[in-house]
Amino acid sequence: MKADMLTSVLTELNGTSADIEASGVISTDGLMMASVLPAGMDEDRVGAMSAAMLSLGDRTAQELNRGNLEQVLIKGARGYVLMTYAGNEAVLTVLAKPNAKLGLIFLDVKRAAESISEML
């Protein structure tokens with residue numbers, strides 16, 4: 001039931017922009033709770049990498065005295081990976097195209113993360 005509600009939020013998020021290619025809600029220990037991923041993408045790998053990067057981002061923000069971590073953004077030749085907390089126990093990860101309009105995606109991701117946080 002909860003997984004269906006999370007998947008609904010992700011489907012809506014992916015539909016807000018043609019630039020969003022995939023999204024997932026991952027527990028902070030790396031287990032995929034819900035996802036809308038393209039065929040062939042390994043959800044276990046997405047979950048593990050998301051949890052690892054968010055943990056590293058948390059540590060970096062603390063060690064460099066930057067305050068609480070809000071999001072991690074990775075830019076690669078083939079696009080972006082955006083990770084943000086969705087409450088205390090989950091991470092929202094979004095994969096976007098290289099020419100994505102990030103401002104709009106940030107706004108949509110923030111709203112989706114708030115919805116997910118309320119569900120959990």
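Let me start with a convention for residue classes: Ala, Val, Leu, Ile, Met, Phe, Trp, Tyr, Cys and Pro count as nonpolar, Asp, Glu, Lys and Arg as charged, and the others, Gly among them, as polar. What I am showing is a predicted model, in which local features need pLDDT of at least 70 and side-chain atom pairs count only at pLDDT 80 or more, while totals for chains, interfaces and linings use all residues. Residues are numbered from 1 along each chain as its sequence is written, and side-chain values use heavy atoms, with hydrogens and water left out.

I begin with the record. An unreviewed UniProt entry carries the annotation "domain: Roadblock/LAMTOR2" over residues 6–96; positions from UniProt are given in the numbering used here, feature names are shortened, and such annotations may be inferred rather than shown by experiment. Over residues 6–96 the chain is 35% helix and 36% strand, with the end C-alpha atoms 19 Å apart.

Now to the interior. A nonpolar core is a set of buried Ala, Val, Leu, Ile, Met, Phe, Trp, Tyr and Cys residues joined through side-chain atoms within 4.5 Å, where buried means under 20% relative accessible area, exposed means over 50%, and partly exposed lies in between, with a 1.4 Å probe and protein chains only. Of the 21 residues in the largest such core, Leu13, Leu92, Ile105, Val109 and Ile116 touch the most other members. The elements that give two or more residues to this core are helix H1 (2–16), strand S1 (20–27), strand S4 (79–85), strand S5 (90–96) and helix H3 (102–119), and H3 gives the most, with 6 residues. Apart from this core lies another, of 6 residues, among them Leu54, Val72, Met83 and Val91.

Contact means heavy atoms within 4.5 Å, and, leaving aside neighbours within four places in sequence, Val109 is in contact with Leu13, Leu82, Thr84, Leu92 and Val94. Ala113 is also found in helix H3, and it counts as buried because its relative accessibility is 6%. Not counting residues up to four places away in sequence, Ala113 touches Thr84, Tyr85, Ala86 and Leu92; the C-alpha atoms of Ala113 and Ala86, 27 residues apart along the chain, are separated by 4.5 Å.

Grid points are joined across faces, edges and corners, and a volume is the space filled by probe spheres set on the points.

The largest pocket holds about 300 Å³ of space. Of the 17 residues that line the largest pocket, Met49, Ile74, Tyr80, Val81 and Leu95 are the closest to its centre. H2, strand S3 (71–76), S4 and S5 each give two or more residues to this lining, and H2 gives the most, with 5 residues. By class, the lining of the largest pocket divides into 10 nonpolar, 4 polar and 3 charged residues.

The second largest pocket holds about 210 Å³, and its lining includes Val109 and Ala113. The largest share of this lining, 6 residues, comes from H3, and by class the lining has 6 nonpolar, 2 polar and 3 charged residues.

I finish with some loop residues. Met41, in the loop between strand S2 (32–36) and H2, counts as partly exposed because its relative accessibility is 31%, and, leaving aside neighbours within four places in sequence, Met41 is in contact with Ala22, Val46 and Leu95. Lys97 has its place in the loop between S5 and H3; not counting residues up to four places away in sequence, Lys97 touches Ala18, Asp19, Glu21, Gly79 and Tyr80. Asn65 lies in the loop between H2 and S3, and is exposed, with a relative accessible area of 64%. The phi of Asn65 is near 55 degrees, a positive value in a residue other than glycine. Most residues other than glycine have a negative phi.

Key:
Helices (H or I, at least four residues) and strands (E, at least two) are DSSP runs, numbered from the N terminus. On a 1 Å grid over the protein atoms alone, a cavity is a set of points where a 1.4 Å probe fits but cannot get out, and a pocket is an open set with protein on both sides within 12 Å along at least five of seven lines; lining residues have an atom within 4 Å of a point.
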